[in-house]
Amino acid sequence: MSSVKQFQVTFDCAEPERVARFWCEVLGYVVPQPPEGFATWDDFNRSLPAEERGSWFACSDPSGVGPRLYFQRVPEGKVVKNRVHLDVRVGTGLVGEERLATLEAECTRLVALGAVRVRLLTADEDNESCIVMQDIEGNEFCLD
């Protein structure tokens, strides 16, 4: 019998700290303390060679339950659809108008943070409604 493994989700992006801080707001995650010996992340970054400054950032679930998110700078931009898609579970257990109202309220909050609403997928015989969105660098995710 195999054991359950912990994992981290890695995002390729242009601006790791900016994207990480966006996802902190979306998920209620926090930025970890800077490495030992540094008072701030800015202090840490200033200690690195110029080409490595701002090359990565991370955030984590303050309760320790959810996976760590790691953001790494890559030279290429997003070309087509991202290959990892997060479903942000804000309407779990809700149906109909109550679910839609919850999804719409969260959508409004995230748009104010820089997210983009793509489209509403309405409930059908198999699935409840969800809202397709994009983060601040165009990566697609859903409010589910």
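Modeller: In the largest cavity, α2 (41-46) and β2 each supply at least two residues of the lining, where helices (H or I, at least four residues) and strands (E, at least two) are DSSP runs numbered from the N terminus. This is a predicted model, in which local features need pLDDT of at least 70, side-chain atom pairs count only at pLDDT 80 or more, and totals for chains, interfaces and linings use all residues. Residues are numbered from 1 along each chain as its sequence is written, and side-chain values use heavy atoms, with hydrogens and water left out.

Biologist: Which element gives the largest share of that lining?

Modeller: That is α2, with 3 residues. The lining as a whole consists of W41, F44, N45, L48, E52, G54, S55, W56 and F57, a lining residue being one with an atom within 4 Å of a point of the cavity, which is itself a set of points on a 1 Å grid over the protein atoms alone where a 1.4 Å probe fits but cannot get out.

Biologist: How much space lies in the largest cavity?

Modeller: About 50 Å³, the volume being the space filled by probe spheres set on the points, which are joined across faces, edges and corners. The count comes to 1 cavity of 30 Å³ or more.

Biologist: Switching to the sheet, in what order do the strands come?

Modeller: The order is β1-β3-β2, in an open sheet of 3 strands with mixed pairing, where two strands pair if DSSP finds at least two bridges between them.

Biologist: Why is one side of β1 and of β2 left without a neighbour?

Modeller: Both stand at the edges of the sheet and each has a single partner strand, so one side of each has no neighbour there.

Biologist: Which residues stand opposite each other?

Modeller: Strand β1 (residues 8-13) pairs with β3 (residues 68-73) in the parallel sense over 6 bridges, and there V9 has L69 as its bridge partner, while C13 stands opposite R73. Strand β2 (residues 56-59) runs antiparallel to β3, joined by 4 bridges, and F57, which also lines the largest cavity, stands opposite F71 in β3.

Technical notes:
1 Å grid on protein atoms, 1.4 Å probe; cavity = no way out; pocket = protein on both sides within 12 Å on 5 of 7 lines; lining within 4 Å.
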